[in-house]
Amino acid sequence: MDYTTLRYFHMTCAALSGSLFVLRGVWMVRESAILYRRWVKVAPHLVDTCLLTSALIMVIWSRQYPFVEPWLTAKLAALLAYVALGSIALKHGKTKTVRVCAFMAALAVFAYIVAVALTKQVLPSA
């Protein structure tokens with residue numbers, strides 16, 4: 001596999017991950033029982049494992065590392081925030097209001113991650 005193919009695989013995984021998160025967020029807001037089905041709990045972990053694995057391989061192949069490249073450091077920090085907010089939104093939020101607010105914040109962070117990836121800038125311009 002070459003770098004370009006891996007990059008497209010990574011982008012596909014990112015799109016799938018974001019789409020699954022939006023879908024699970026909608027189900028959370030609607031209090032749908034679908035949210036508790038086994039495949040809904042397993043699929044995002046599989047996609048996210050592929051996403052993170054491809055990211056690590058790209059970092060190694062490109063020799064662009066977080067804490068060296070500011071934009072990668074920003075993506076990593078934003079990823080940690082996204083995971084924390086997503087966890088609050090879908091699992092640990094005490095009230096529905098907290099979960100919805102965390103969900104919206106996680107979507108904003110996801111959009112930031114995508115913008116940083118596309119521009120390779122810590123503060124992408126609109």
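Where is glutamate 31 found? I located glutamate 31 in the loop between α1 and α2.

**Entry 1: basis of the notes**

I am working with a predicted model, in which local features need pLDDT of at least 70 and side-chain atom pairs count only at pLDDT 80 or more, while totals for chains, interfaces and linings use all residues. Residues are numbered from 1 along each chain as its sequence is written, and side-chain values use heavy atoms, with hydrogens and water left out.

Glutamate 31 counts as exposed because its relative accessibility is 59%, the classes being buried under 20% relative accessible area, exposed over 50% and partly exposed in between, with a 1.4 Å probe and protein chains only.

I then searched for salt bridges (a side-chain nitrogen of Lys or Arg within 4 Å of a carboxyl oxygen of Asp or Glu). The count came to 1 salt bridge. Glutamate 31 forms a salt bridge with lysine 96, and the closest N and O atoms are 3.4 Å apart. This pair links distant parts of the chain, 65 residues apart, since lysine 96 belongs to helix α4 (residues 96–119) and glutamate 31 to the loop between α1 and α2. Lysine 96 is partly exposed, at a relative accessible area of 30%.

Is serine 32 buried or exposed? With a relative accessible area of 16%, serine 32 is buried. I checked polar contacts, defined as pairs of N or O atoms within 3.5 Å; within protein, one must be able to donate a hydrogen and the other to accept it, and residues adjacent in sequence count only if both atoms are side-chain atoms. The side chain of serine 32 reaches the backbone nitrogen of isoleucine 34 at 3.1 Å.

Arginine 63 is another residue other than glycine with a positive phi, near 60°. I placed arginine 63 in the loop between α2 and α3. Arginine 63 counts as exposed, at 66% relative accessibility.

**Entry 2: aromatic pairs**

I next turned to rings of Phe, Tyr and Trp (its six-membered ring), which pair if their centres lie within 6.5 Å; planes under 30 degrees apart count as stacked, over 60 as edge-to-face and the rest as tilted. The search of the whole structure gave 4 aromatic pairs. One of them joins phenylalanine 21 and tyrosine 82 edge-to-face, at 5.4 Å centre to centre and 65° between the planes. The two residues are 61 residues apart, with phenylalanine 21 in helix α1 (residues 3–30) and tyrosine 82 in helix α3 (residues 70–92). Phenylalanine 21 counts as buried at 4% relative accessibility, and tyrosine 82 counts as buried at 11%.

Why is the pair of tryptophan 27 and tryptophan 39 edge-to-face? Their ring planes stand at 90°, with centres 6.2 Å apart, so the pair is edge-to-face. Tryptophan 27 in helix α1 and tryptophan 39 in helix α2 (residues 38–62) are 12 residues apart. I noted that tryptophan 27 is buried at 13% relative accessible area, whereas tryptophan 39 is partly exposed at 45%.

I also recorded a cluster in which ring pairs link Phe21, Tyr82, Phe103 and Phe110.

**Entry 3: charge over a ring**

I applied the rule that a charge sits over a ring if NZ of Lys or CZ of Arg is within 6 Å of the ring centre and within 35 degrees of the ring normal. The charged end of lysine 120 sits over the ring of tryptophan 71, 4.9 Å from its centre.

**Entry 4: a nonpolar patch and a buried proline**

Which residues make the nonpolar surface patch of about 730 Å²? I listed Met1, Tyr3, Ile57, Ile60, Trp61, Tyr65 and Val68. Patches are made of residues with over 30% relative accessible area and no salt bridge; like charges are joined within 9 Å and nonpolar side chains (Val, Leu, Ile, Met, Phe, Trp, Tyr) within 5 Å. The areas come from the Shrake-Rupley method with a 1.4 Å probe, and for residues only the protein chains shown count as cover. Helix α2 gives the most to the patch, with 3 residues. Isoleucine 60 has its place in helix α2 and is exposed at 54% relative accessible area.

Proline 44 is likewise in helix α2, but is buried at 6% relative accessible area. From C-alpha to C-alpha, proline 44 and cysteine 13 are 9.9 Å apart in space, and 31 residues apart in sequence.

Notes
Helices (H or I, at least four residues) and strands (E, at least two) are DSSP runs, numbered from the N terminus.
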